[in-house]
Amino acid sequence: MSIFGARSSALLGLNAQSKALGNISDNIANASTLGYKRVDTTFRSLVLQSGQRHHAPGGVVAQPAFMNDVQGNLTQVANNTSAAIQGQGFFSVSRLAVPPSSSGPQPGASRTGAPRSGAATDNAPLYTRLGDFQLNRTRHLVNSSGYALNGWLVDPVTGVLQKDQVAPIQVNSLIDKPVATNTIDLSANLPATPKAGEKIPDSSIQIFDSQGNPRTVNFKWRQQADSSWRMVLDAPGSNTKPVDGTFSGNPATVTFGQNIPGQTAVAQVNVITIAGNNTNGQDNLRIGDTYSVKVDGTTYSLKVTSDNIGSIRTYSGLAGALANQINSASPAASVLATSSGQTIRVTARNPGTPFKLNTDVVSGTNTTNTIVTQTSTAATASAGEIDKFQFPQTQVEVGDSFTINVNGTPISYTVTAATYQSYSTVSDVVSQLAGKINQALGTTVTASSAGNILSIQANAVNTNVTSSATVTNSSASVNTMSSLPSVSSVAGVRQSRTVTLTGTPGDIGTQYTLSINGTAVTYSTTGEEMTMEDITAALANKINSNTSLPVTATAQGGVITVTAKTAASPTGAMAGTGVPVGQFTLVQSAVAGQTPAHIGLTFGKTPETIGTLTDISTALVGTGTAVSAAAHSAGSPAAISFTVDYGFGPQQITLNLGRYRKPGGLTQYAGKEINVTQLVQNGAPRGQFKDVVFGDHGTVMVNYDNGRSKMIAKVPIITFNNPNALHRETGGVFQEGEGAGKPNVNDPETNGAGAIVASSVEASNVDIASEFTKMIVTQRGYSANAKVLTASDEMLQEVLGLKR
């Protein structure tokens, strides 16, 4: 009877609609699950018997329809190791084995008990869209379900990406080995008109040797002519030098101007005497002392500081420095000063013109140092006795002498002006005393310093130390300056003559000599002079420093004016010279010096090349290693290669200065100062692991604290011909199914594979509104099938009632 077929079909309908509701329920429950793919329901009718004359009710069967190929929304997250797929495909993942110490179920285990962390197992390959990966304790990238991300790994030896297999990605490269510098890029503008008399400051860059040690390369600049420069590359600590040696220098000449004969005149002379105490062999110069000479209302003063005391050192040095202060004043002083011992001889620049002179000394603050004995630490069976001394003050004075007597041997350190700049505090003194004790008595005791505390410990266990300390402080008395006139001013006219020097300031050892009444005065250049005016000023100072000469000298604009100290006298002659008193004779000579090894740089002058680099010459690098390519055509690289060796073998470095005849790189345009816009190198020190991130196109990058990054793997996208036929596993993973086809391993964004979006996750592809609509339809279908059962039951009751 069809009534029984109706009942069978209704029952199948109820079962199908209940399965559909189950799928809807699962979708709604996982609406917030990352990477979840919804399950729809398809209905398939069953036909038992059907024809033109007869149809037997068959019913319906519900089957799941998996929506694995439907994209979910992507959400950006703060985690750099999260990733999502935009488009088709899956991540390849692996289960991880449980460590031996683990017990109990794992949060991310599969239905077969697959664990969450540890080493990868040999289970069947798994696939997922859940990309909230993080590093676990074994440094695998695992998602919140505990599955490890697979990828193509980079061979740690060859650096080649191994695309023949995928394996779990694990961060093993925790240390980034150092990279030796082999390239330096320099962009700078050298000033076309540098400030007169000011040296172009050196440029420097830190590079790295093959061991990762920081090294320094210095660039020293000097303008030779309006479009020609010298560049010296200096690599301190290297066994080989980029430039080294010297060459024959440029010609040098001395020429005389008109001689103006003199008439008898006497210049006023005052002698200034500097006096003070001497303690422990040191003149008691004190930081803060200010020595002033006032000439005709203009004060010339010199303050003793920690920066200049090392060059002054003594009262004699102070006299010479103060004399130079007077002589180098601008505008020029009305007097010339020379020093001899602790006296300064101040002479009127114009004989016959008197001057007024006063002196003054303002004393700095004096510090009286002490040493306080601290409680000793007694000797034990495991260590020797420790004696400690505290030096309470912080400042020391020149002449202070500190003595530590250790086991009968006195060890002393005296503060000197020569060492004050390097060792100007009590902590420095304590450190120096510790070093001297260790040097003298290192076999029996060990001394160490910690700030203002000196510790002395016996080297042998159960051994005592006998020690004491004393201080001899420099005198606290105030130094003095006194001035007495030694020669009164007498009007007159003095002989004078101009001397002009020519040459190249950059040359070293160029000698300019003036023989004055048979006494030769010579100045030899150091290579640090910027202009010929610097050289003439230095030679004039040398003339003035020789007080036995009958002349004084002034320099201005590269010209020296030599003037007799006294006016000419009509009678008498200087002993041994035959030259009348008040007059002098000059004889000149010059000797060419040496040009330091350097690299020549030439800049263009034509409208097409103005300011751009047109030539690099390494012909004068001497025994240095710097070389440049022979081709200097427009647009070719302007580069210099040089070799350094810091004890780990030769290291070749290329210095890139831009391109010939092209703007950029090294140029020479208008300006007063050098302007460095880029000075970079490609080396790096040893690095420690910092973090791991996804890079472009699925690369997995490890970042190190030295600023470098390294690719350790690349994540492929796995696609299937029918991804909806994959078998589902707990934790949002899929297994291969017969209907899905074989997995296709692709680079991201190739062969239909999706793109990997870093710092993002894919949300569920469930649409709540759609699921509620389907739930209403399912509920109505279920109710309708139930109504069929009710109707068929009533009809059967009618049939059974026919018997009555």
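## An open sheet of four strands

In this predicted model, an open sheet of 4 strands has the order S28-S29-S33-S32, with antiparallel pairing. Strands, like helices, are DSSP runs numbered from the N terminus (E, at least two residues, for strands; H or I, at least four, for helices), and two strands pair if DSSP finds at least two bridges between them. Strands of a sheet pair through backbone hydrogen bonds, either parallel or antiparallel. The edges are formed by strand S28 (372-373) and strand S32 (445-450), each of which pairs on one side only.

Strand S29 (residues 386-390) and strand S33 (residues 453-458) run antiparallel and are joined by 5 bridges. Within S33, Leu-454 is the bridge partner of Phe-389. Helix H5 lies across S32 and S33 and runs at about 170° to S32; such axes are lines fitted to C-alpha atoms, for helices over the stretch in contact, with angles from 0 to 180 degrees between N-to-C directions.

## How the model is read

Residues are numbered from 1 along each chain as its sequence is written, and side-chain values use heavy atoms, with hydrogens and water left out. Because the model is predicted, local features need pLDDT of at least 70 and side-chain atom pairs count only at pLDDT 80 or more, whereas totals for chains, interfaces and linings use all residues.

## The nonpolar cores

A nonpolar core is a set of buried Ala, Val, Leu, Ile, Met, Phe, Trp, Tyr and Cys residues joined through side-chain atoms within 4.5 Å. Here, buried means under 20% relative accessible area, exposed means over 50%, and partly exposed lies in between (1.4 Å probe, protein chains only). The largest such core has 55 residues, and those with the most contacts inside it are Ile-344, Phe-391, Ile-404, Ile-437, Leu-454 and Ile-456. Helix H5 (residues 426-441) gives the most to this core, with 7 residues. A second, separate core has 34 residues, including Ile-200, Ile-207, Ala-638 and Leu-666.

Contact means heavy atoms within 4.5 Å. Leaving aside neighbours within four places in sequence, the residues in contact with Ile-344 include Ile-272, Leu-322, Ala-337 and Ser-339.

## Ala-84 and its surroundings

Ala-84 lies in strand S6 (residues 83-86). Ala-84 counts as buried because its relative accessibility is 0%. Not counting residues up to four places away in sequence, Ala-84 touches several residues, among them Leu-74, Phe-91, Ile-756 and Val-761.

## Aromatic pairs

Rings of Phe, Tyr and Trp (its six-membered ring) pair if their centres lie within 6.5 Å; planes under 30 degrees apart count as stacked, over 60 as edge-to-face and the rest as tilted. By this rule there are 6 aromatic pairs. The ring centres of Phe-90 and Phe-734 are 5.5 Å apart with planes at 65°, so this pair is edge-to-face. The two residues are 644 residues apart: Phe-90 is in the loop between S6 and strand S7 (91-94), and Phe-734 is in strand S55 (residues 733-735). Both Phe-90 and Phe-734 are buried. Ring pairs also link Phe-90, Tyr-127, Phe-720 and Phe-734 into a cluster.

Phe-91 and Phe-133 form an edge-to-face pair, at 5.4 Å centre to centre and 85° between the planes. Phe-91 lies in strand S7 and Phe-133 in the loop between strand S8 (126-128) and strand S9 (134-135), so the pair ties together parts 42 residues apart in sequence. Phe-91 counts as buried, at 0% relative accessibility, and Phe-133 counts as buried at 0% as well.
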